[in-house]
Amino acid sequence: MKRREFLKASTASAAIASMPWNPALGQARRDTLLAISENGPNNLDIHGVGTNRPGYEASWNVYDRLLTFGVKKDAQGQDHYDYTKLEPELAESWNLTPTSVTFKLRRDAKFHDGTPVTAKDVKWSFDRAVTVGGFPTFQMRAGSLEKPEQFVVVDDNTLRIDFLRSDKLTMPDLAVPVPVVINSGLAQKNATAADPWAMEWLKGNTAGSGAYMVERWVPGTELVFRRNDDWKGGPRPALQRVIWRTIPQAGNRRALLERGDADISFDLPNKDFNELQGNQRLSIIGTPVENALQYIGMNCAQPPFNNVKLRQAVAYAIPYQAIMDAVVFGRAKPMFGGRPQAIDASWPQPHPYTTDLDRARALMAEAGFPNGLETTLSFDLGLAGLNEPICVLVQESLARIGIRTTINKIPGANWRNELLKKSMPLITNTFGGWLNYPDYFFFWAYHGQDAVFNTMSYKNPQMDKLIDASRFSNNQAEYEGLVKDFVRLAFDEVPRIPLFQPFLNVAMQRSITGYRYWFHRQLDYRQLVKA
Amino acid sequence: MSAASSTFLAHARHTLGGNPVTLVAACLAGLLILVALLAPWIAPYDPLATDPINKLQPPSASHWFGTDQLGRDVLSRVIAATRLDLAIAVASVALVFVCGTLAGVAAGYLGGWTDRIVGRLADTIMAFPLFVLAMGIVAALGNSVGNIVLATAVVNFPLYARIARAETSVRRTQGWVEAARLCGHSELSIVLTQLLPNLLPIMMVQVSLTLGYAILNAAGLSFIGLGVRPPTAEWGIMVAEGATYIISGEWWLALFPGLALMVAVLTFNLLGDGLRDLLDPRRRT
Amino acid sequence: MLTLAIRRLMAALPSLVGVVIVTFLLTRALPGDPAAYFAGPAATVQAIEEVRQRLGLDQPLWVQFGNYIGDLVRGDFGTSLSTGQPVGFELATRLPASAELTLLGLLLAVVIAVPAGMVAATRPNGWFDQAVRVTATAGVSLPTFFTGLLLVYVFYYILGWAPAPLGRLDIFYTAPPHITGFYTLDALLIGDAETFLQALSQLVLPALTLGIFALAPLARITRGAMLEVLGSDYIRTARAAGLTPTRILIVYGFRNAILPVLTVLGMVLSFLLGANVLVEKVFAWPGIGSFAVEALVASDYAPVQGFVLTMAVLYVGLNLAIDLAYGLLDPRVRIES
């Protein structure tokens, strides 16, 4: 690091540190939310290279998007975002035609430094998202947003997006965390010739118009937000300050919540959520994560699991109920013991397999493995709390039908790389799509394009045809038929065995209300109220 | 020689008699080794067999140490872990004992370049934060029992090499070594028959002390996820996993393996201390 | 004195070079792939290859090493992937946190172990001696993470005496201005008693955890040194002259026993800096140890290299300081050198 930068950084932190602090600590505690989690953000810019999930939370609260999703009540009566309802955030109104959409921006919206938000900023931000590569570009492409030419500035307050093709995901994709609107003037001031998109500067600085501003960031330790009182994207949030601290030890996180020292956290083991439900001071909410499944994946591209009978044998040997009881403590939706056919065009839905060792043994013999086989079962150490007990139970059960496995822990940093190699024979993993469509899930997880999420390297032309047809189908009845067909095919061929649909659990003090489930599984501070 | 050994035994009896703690430690060490040897026969249950219906049961008549999150018997796992942990500790100490002592003796006896290389190697390892070096080795080579043994041995290398070197360089020029040389013994046979046997007692103190350290090291590696493969029972992993259950009241998961670990390390440390007193010439007078 | 210092530093140089090379090779052997990490969740093999080129990771190892050394010479430790910050900045801001914790831990250990060792030496093999020996050894026999979690459970969760294990300060306090980087000292320097007490109360449990771990070597060496001194001629003379036992123990005994204690103190300090790693993780302490562990598990090269190098330099400096102090305290050493 350059010496000057270091001096600047240290004087800045000294200036913050010496600011007079309100002595009325009680009042401060009432207006401040203390959120705790296992990890903190590594980058405040969602377009950044390698930005982690906590980084999405920072970005979501600091930046605005053109659109956002509405809200509905879920089956338990809790607030749940509504992906069928798009609502304005920075846009005031829009006009959708088959070939383009034209947005009118709010005239009163300002960035945190006071400059007005213009169409020029929106275009610069979207150009950036489709150009910089990596995750943001990938996510934009999921909504057929691919080229800078698609984003046209009509005037200061009007932006038009031209469509490349008719894609039902284009509009919802404008409300996910990626297409944020950045203060282009401020960012460009801090850009360099080598770094025209100010990637370096926006890592640790923000240039948004959102409901919260970053007051202080100590990476790996804490992130402090202050409310932006001039926010125009929605009703004024109740919380004045949000302090987000990193507490690596799960036991300590539980202790902090139980003793009332921390307000809210997602990061506890399922068992703790289960037990804390009896706690008078805490409220626990568990929402099934849309379009997400924990599964056992088998490598279909190489022996032995290229044998469909063997895969079915494994599917009959998984101790589903034991996993539900001992690993997730009931805090998940079971996904086994369903009908042989798809019951409707929804996803996820239960598959027909149950734990039936006799049938599994018979299938082993049919598959040509009467004497069993040896293989390895791998999992991501980063999620060991969930994965390890699953693997231990599966290992024990598979041994009963003659499949002897060695459990292989793979460090979190290396997991993605191992998935990409597609050489692990047997894994447990979880996958979920932000956009809640069955064809979206299948396109990534079962399609022969062999994306990284198709961890089984499953390739079947019949499956590809069904998925491709459903993605661009405009006929509802035809679409539903296609979905049912590919779900049925996935049940029969069973390249991956869904175990359960996980819950997004949150524990918070009773004094906190207004929690809303979001598909991105991060906390939205804007709706929260502390009594 | 026999007269010398009988006075040593008498001295040992005297010292142990005046030092009940060392006596207790010696008995405990014997017990631990016995448990490790007999582990498969004395464990009441299969340490790997899960039983999700009976998970997280507190200690009872049928499960003395309770059951863990997958319904496995904690007592059986603690017993199985005794075998593995002692095996890891003994293997790593044996490895470093052989390599470290030989390197140290070579450095002390030969001097010159050998001495310089061994000295630099030891200095370099010492300059590392030792636990992080062990972590790095296990992370880089993969977390298997063999690599945990190797990492622990590497970390202890400077200790053995330095002590062996210091003791050798003092003895090299002493009369009885000169005498052996004049009698026509080769250098190699002098090292093997004269020097090494005389180093053994001092090295044994280190062996006992590092056995304890090796167990702690393996436990620390487990705590950050670099330990042995699941579902193998190992004290460190059991404590680390059990620790998350302390707050929710299932204290037996962490307490029993933690106690076993502490008793083992304590035993070897006290034994090492006792041996040191035994060999300390100042105590003999 | 100065020539001695320079000679010692020169002698330490090869080990430092060794540390740099070994660390470099070790991190490159880590199984994780930074390119895959950087390329994001949905990257293709080709995209990862592009990122690898951009990070210079496709170069042969010796070229990468050359680049690394070049950066080091310019004082650039690289950037951490997991926090996104320059490693030099991270280390500079985190080192005071680790140092404050370690020094307080050492202080606690000294305050308990040295008097205990002295008293134990007055009646060797008496009940107090045995008790000290077993207790101190038990302290070093527990994994630090277990001691830490146990202390949190008892003193925070059950009794509520200790503050929440939230790091260096309660969230509603702001850090004192950066003078030394030690929150307790800085708060005292600006006369802010409340912040001082708060920072101190956050320090107690983690420092105790570390301190317990350091009792055994300190107590043992104090006892040994005292035994030797108490058996010497001048103590016998002092006894014969009719001085009180307390006066003999403290004034004549301890003053002469201090040298070996000082030597072992340096050893214990560098040992504690290493033990820090796990304690920081338990107490959410924003020090360099927890930083390095996280980085190692995530295959994040730069912080691991930076951390190891910093620790090696500290170790060399510490040993040098002890040697010099030794020379100041013991005239014999000065003459010999």
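Biologist: What share of the 285 residues of chain B count as buried?

Modeller: This is a predicted model. Buried here means under 20% relative accessible area. In chain B, which has 285 residues, the share that counts as buried is 55%.

Biologist: How many helices and how many strands are there in chain B?

Modeller: Read along the sequence, chain B follows the pattern α-α-α-α-α-α-α-α-α-α-α. The count for chain B is eleven helices and zero strands.

Biologist: How far apart do the centres of the positive and negative side chains of chain B lie?

Modeller: Chain B carries 17 positive and 16 negative side chains. The centres of these two sets are separated by 9 Å.

Biologist: Over to chain C. At which residue does H11(C) bend?

Modeller: H11(C) has 38 residues, and a straight helix would reach 56 Å at 1.5 Å a residue. The end C-alpha atoms of H11(C) are only 44 Å apart. There is a bend of about 50 degrees in H11(C), and its place is Phe254(C).

Biologist: Is Pro260(C) buried, partly exposed or exposed?

Modeller: Pro260(C) sits in helix H11, residues 245-282 of chain C. Buried requires under 20% and exposed over 50%. The relative accessibility of Pro260(C) is 30%, so the residue counts as partly exposed.

Biologist: Which residues does Pro260(C) touch, not counting those up to four places away in sequence?

Modeller: Contact means heavy atoms within 4.5 Å. Leaving out residues up to four places away in sequence, Pro260(C) touches Ile221(C) and Ala225(C).

Note on methods:
Residues numbered from 1 in each chain as written. Chains lettered and ligands numbered in written order. Predicted model: local features only at pLDDT ≥ 70, side-chain atom pairs only at ≥ 80, totals over all residues. Heavy atoms only, no water. Helix = DSSP H or I, 4+ residues; strand = E, 2+ residues; numbered from the N terminus. Buried < 20%, exposed > 50% of the residue type's maximum accessible area, 1.4 Å probe, protein only. Expected span 1.5 Å × (residues − 1). Bend = angle between axes of the 7 residues up to and from the residue. Lys, Arg positive; Asp, Glu negative; His and termini not counted. Charge placed at Lys NZ, Arg CZ, Asp CG, Glu CD.
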